[in-house]
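Trainee: Could you walk me through this one with some questions and answers?
Mentor: Gladly, let's take a look together.

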Amino acid sequence: MPLLSSPRTVFTLALLLRLVLLLYGTLQDAFSPLKYTDIDYYVFTDAARFLAHGHSPYTRDTYRYTPLLAWLLYPTSWPGAFWFASGKVLFALCDVLAGWLIYAILRGGGGGSREGSGNGMDETRAIRFASLWLLNPMVAQISTRGSSEGLLCVNVVALLWAVLARRTRVAGVLLGLAVHLKIYPFIYGASILWYLDERTTSGDNSAGKEKKKKGQKTGPMTGVLTFCNRARIEFAIYAAATFLLLSGAMAALYGREFVQHTYLYHLTRIDHRHNFSPYNTLLHITSSASASASPTTHSKPPIRLESLAFIPQLLLSTLLIPLILAKRDLASTMLAQTFAFVTFNKVCTSQYFLWYLVFLPFYLPRSTLLARPRLGLSVAACWVAAQVWWLQQGYQLEFLGRSTFATGLWWSGIAFYFVNVWVLGIVVADIGRGGAVLTWKQKE
Amino acid sequence: MKHRITYFLHDPSEFDISQIEVKSDALSVDSLDAAKEHRITLGLSELPPELRRALSECYELHLRWTRPTPYYHVSPLLSRSSSGMHLFYTPQLGSSQNFFCSAFKQIFGDDLKCINPATTFTNVSILSERFATGASQQYHTMLSSLAELITYLSHKVCKGRDYACIKQMQSLSSAAYLDIDYDTISHALTFTAFWDSAPSSHGWTDKHSQLGPTHQTEVGILNSETPTEPEELKLGGFLTVIGEDDHPSPTLFAFPSRHQPLPQSSELDYRTAFRDPTGLHPVLQLIFPSSQLESPGESCALHTYLTLPSYLFIDKYQLSDPLFLASQNLVALHSIAGETDLEAPDWIIKTWGSAALLELSTSISTSASADEELTVSIPLHLRYLSPSNATLGQIQVPVPWPIVFWACVADEGTKMNVNPFDRVNLGYDGLFGPRTMFYHVPTAPTKILVQHVRVPILNLDDAQYVEIGTVFAIALGSLWVLWKLLRVWTGGYHENVSKKTQ
């Protein structure tokens with residue numbers, strides 16, 4: 001693929017792909033009753049319009065995001081098709097920027113490192129892996145249809161970039177912002193904090209290990225003191241301050257509505273509608289059983305098992321995966337964390353796949369999925385097969401009205417979950433094998 | 001107590017004055033082939049205590065019950081309302097609202113969805129501020145018969161003994177519609193029942209007596225005459241006040257009417273259907289013969305008023321794009337009131353549902369004219385219904401046929417309320433100005449004006465393994481990942497790699 005070996009070509013193609021999709025989308029929206037634009041984008045732009053007229057963005061039903069997003073899309077409230085599409089342009093530019101950051105991280109110099117100073121890839125290899133994101137039609141389609149996930153992805157990749165470039169304050173601000181935008185990136189806090197030790201600070205692998213051993217011999221107080229190094233404290237303070245500042249400001253401006261729709265809603269939502277989560281059918285049953293007071297219907301289970309669902313999810317994604325893997329390979333660890341978080345989540349839709357897709361280019365170069373193509377193809381085939389099975393069951397329910405809830409949908413959801421667990425196991429093992437592929441040495 | 005009984009003759013040529021007999025204290029009719037309206041006006045003191053208590057919480061109350069089977073519409077009672085029971089209600093300021101629902105359920109049936117008005121009723125959207133008579137809250141339920149009300153009245157009013165009284169109450173079972181109106185200003189409760197024809201094929205053979213010195217009973221036997229003004233209806237016949245008149249007095253009068261029939265030349269009607277397959281997003285279709293879609297006037301627009309139980313809802317955002325609306329033969333969603341949550345399942349919805357007013361497109365595209373039918377599609381969405389046992393994974397839920405009418409603007413200065421048979425507070429009338437006339441489109445011949453839609457629901461008999469299965473799967477998956485993590489932690493993979501490389 002000589003075509004895809006030049007960064008300039010790939011970025012031009014990436015921009016062109018998005019431009020074509022944007023234009024195509026505008027045409028389809030103008031002439032067809034079936035819209036290219038994502039429903040969420042109408043939610044954002046309606047909210048921006050409410051904002052422009054001096055109302056709260058929460059006046060729009062189902063607006064469950066920070067008001068910051070509506071502010072960011074303020075220009076979409078201006079008249080004309082171009083301004084209406086300006087939010088999509090922003091999202092598309094964000095996801096190209098995410099692609100550029102992926103490339104920069106793979107090159108190993110934040111865009112400006114000297115040759116040979118890190119474990120960076122050569123240009124051709126780096127751009128090929130970055131193309132997984134940049135030229136991915138799914139990614140380009142999601143952002144040009146107007147889903148805000150691109151915004152979050154650039155935020156999260158920038159966070160990784162900042163940590164690897166030792167800009168801990170910037171990283172803190174980015175994490176605070178990401179958590180403010182969507183709650184889930186808080187999981188990265190754990191892995192980044194654990195990653196920011198003396199070894200990665202000094203950039204010397206062997207020294208780090210020795211220090212670690214020394215730390216174990218000394219008392220627990222010294223251990224705590226060693227853990228609380230400058231980088232970690234800075235990162236934590238900047239992250240917490242950014243999050244509190246942004247959320248505090250939004251709460252002050254929009255009050256209860258902001259807290260309710262942006263955060264509490266996600267904690268109290270029932271998630272009864274069919275989705276990829278393995279918990280879905282169980283939640284459907286228990287939520288209706290607890291709502292109906294009638295004793296004749298399904299008897300309530302003694303313990304609400306689904307309320308314990310956060311245990312495996314958070315144990316893996318915020319504790320064990322960061323602790324065991326973060327220091328070996330931060331980028332791949334963040335992939336594993338996201339993968340665990342999504343796989344064990346109580347709700348899962350296809351937009352969540354983007355959350356881990358953005359980390360794939362960091363993991364794949366050293367993964368057994370590529371080293372052993374047969375394994376890689378089997379995994380991909382199983383993942384696709386489970387998806388197709390689920391989608392077919394979902395279609396039968398949604399459009400043909402057949403009750404596939406407890407049968408096909410549940411089985412396919414569980415099958416998809418097991419495929420994801422399998423993939424997660426492979427990722428974990430690969431990180432265990434591979435080690436610090438993306439640990440940059442400090443610039444001398 | 002006041003009674004007003006009006007017979008509307010089906011065929012005046014078959015009527016003979018000898019069918020009426022007036023005595024000093026009674027009036028009898030014999031084998032009268034007619035529709036009948038019976039209006040009873042009661043003072044508050046004449047009501048059972050629990051009803052008085054419930055009414056003390058109301059500022060105004062208008063109940064409109066229509067039977068699910070079609071009936072014959074007779075002039076001047078031309079208004080239409082979708083089947084089931086509609087309530088339009090304004091609470092008394094500062095009242096507790098504690099008794100309304102309990103009295104309501106006691107009278108109409110225990111299984112009705114009514115927690116209290118503040119929770120179950122929905123706010124009426126106000127499009128026309130000038131229309132002063134509109135109530136502030138709305139409710140609807142698919143009540144298919146008045147059996148519970150008849151039992152209640154027989155027990156409370158007739159005390160279970162008065163046979164004539166019980167018989168009169170039981171006649172409600174064949175009524176086409178029943179209106180109950182109350183407002184604090186008049187302090188009177190009005191019952192209006194309508195029968196499109198007598199229950200027996202021999203027509204009405206009734207005897208109306210004067211019930212006491214304070215009780216007025218007026219009987220009219222009327223038939224529809226051809227009006228001279230286009231906005232008017234005209235009635236002729238006989239009126240008798242029992243105890244005052246010793247013979248039926250002839251009468252002829254005309255009045256402007258809010259509700260109008262279609263022009264006689266028009267054969268327009270409509271039927272409804274759900275587009276197959278329905279899935280979770282059923283599309284309600286209104287099907288018209290396209291050749292008949294001729295407007296009765298220049299200022300008119302074709303509308304439909306939908307009453308949707310809580311399990312069905314309209315996504316107003318979906319109905320905001322002109323291209324999409326046009327593709328469904330819709331012009332606009334003018335009003336949507338009630339439960340519009342786009343995500344909630346039915347089991348957490350506490351309100352009764354929603355009501356919507358849509359304007360329909362009557363422009364026939366060239367491709368559609370070939371099949372001679374115009375289909376208007378109204379995209380609806382189903383909420384998830386509670387899982388249950390003993391179903392085959394689906395249940396049928398009812399939705400009343402929406403009503404369809406041309407709304408036209410009447411001439412300046414038209415006073416609709418001089419009509420002695422005026423009927424307001426039907427839900428849709430409050431969404432238009434006071435000078436609006438409704439030319440009602442009749443329904444195509446059908447057995448029942450209720451459409452059923454199939455809803456897939458989770459069958460709990462199929463789901464017994466779900467709970468244990470999910471827990472098992474989560475445990476197994478977690479343990480697998482934990483095992484992998486443990487091997488990394490203990491350095492298992494490093495050894496593997498080094499062994500291989502050696």
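Mentor: Before we start, a nonpolar patch here joins Val, Leu, Ile, Met, Phe, Trp or Tyr side chains within 5 Å, from residues with over 30% relative accessible area and no salt bridge. Keep in mind that this is a predicted model.

Trainee: Which residues make the nonpolar surface patch of about 500 Å²?
Mentor: One member, Leu319(A), is found in helix H15 of chain A, residues 310–325. The patch of about 500 Å² is made by Leu308(A), Phe310(A), Ile311(A), Leu315(A), Leu319(A) and Leu323(A).

Trainee: Why does Leu319(A) count as partly exposed?
Mentor: Partly exposed lies between the buried limit of under 20% and the exposed limit of over 50%. Leu319(A) counts as partly exposed because its relative accessibility is 42%.

Trainee: How many helices does chain A have?
Mentor: Of the 444 residues in chain A, 54% are buried. Among contacts in chain A with a separation of 6 or more, 74% are between residues 24 or more positions apart. Chain A has zero strands, and its helices number 21.

Trainee: What area is buried between domain 1 of chain A and domain 2 of chain A?
Mentor: The domain assignment gives domain 1 as 147–199 + 227–253 and domain 2 as 271–290 + 307–436. Their centres, taken over C-alpha atoms, are 24 Å apart, and 23 residues of domain 1 are in contact with 21 residues of domain 2. Carbon and sulfur atoms give 76% of the buried area, which is about 2,000 Å².

Trainee: Which three residues supply 29% of the area that domain 1 of chain A buries against domain 2 of chain A?
Mentor: This trio supplies more than any other three residues. The names are Leu160(A), Ile187(A) and Trp194(A).

Trainee: How many salt bridges does the rule find across the interface of domain 1 of chain A and domain 2 of chain A?
Mentor: Asp197(A) forms a salt bridge with Lys327(A), with the closest N and O atoms 2.8 Å apart. Across the interface of the two domains, the rule finds one.

Trainee: Are Asp46(A) and Arg60(A) buried or exposed?
Mentor: These two side chains form a salt bridge, their closest N and O atoms being 2.8 Å apart. Asp46(A) sits in helix H2 and Arg60(A) in the loop between H2 and helix H3, 14 residues apart. Asp46(A) and Arg60(A) are both buried.

Trainee: How many residues apart are Asp206(B) and Lys36(B)?
Mentor: Their side chains meet in a salt bridge at 2.9 Å, N to O. The pair links distant parts of the chain, with Asp206(B) in strand E11 and Lys36(B) in strand E4, and the separation is 170 residues.

Trainee: What is the relative accessible area of Arg271(B)?
Mentor: Arg271(B) forms a salt bridge with Glu373(B), the closest N and O atoms being 2.8 Å apart. Glu373(B) is in strand E22 and Arg271(B) in strand E16, 102 residues apart. Glu373(B) counts as partly exposed because its relative accessibility is 33%. Arg271(B) is partly exposed too, with a relative accessible area of 35%.

Trainee: What is the count of salt bridges over all chains?
Mentor: Some of them are linked in a network that joins Arg64(B), Asp179(B), Asp181(B) and Arg423(B). Over all chains, the count by this rule comes to 22.

Terms used:
Residues are numbered from 1 along each chain as its sequence is written. Chains are lettered from A and ligands numbered from 1 in the order in which they are written. This is a predicted model: local features need pLDDT of at least 70, side-chain atom pairs count only at pLDDT 80 or more; totals for chains, interfaces and linings use all residues. Side-chain values use heavy atoms; hydrogens and water are left out. Patches are made of residues with over 30% relative accessible area and no salt bridge: like charges are joined within 9 Å, nonpolar side chains (Val, Leu, Ile, Met, Phe, Trp, Tyr) within 5 Å. Accessible areas come from the Shrake-Rupley method with a 1.4 Å probe; for residues, only the protein chains shown count as cover. A salt bridge is a side-chain nitrogen of Lys or Arg within 4 Å of a carboxyl oxygen of Asp or Glu. Helices (H or I, at least four residues) and strands (E, at least two) are DSSP runs, numbered from the N terminus. Buried means under 20% relative accessible area, exposed over 50%, partly exposed in between (1.4 Å probe, protein chains only). Domain bounds come from an automatic or database domain assignment. Contact means heavy atoms within 4.5 Å. Buried area is the accessible area (1.4 Å probe) that two parts lose on being put together, summed over both.
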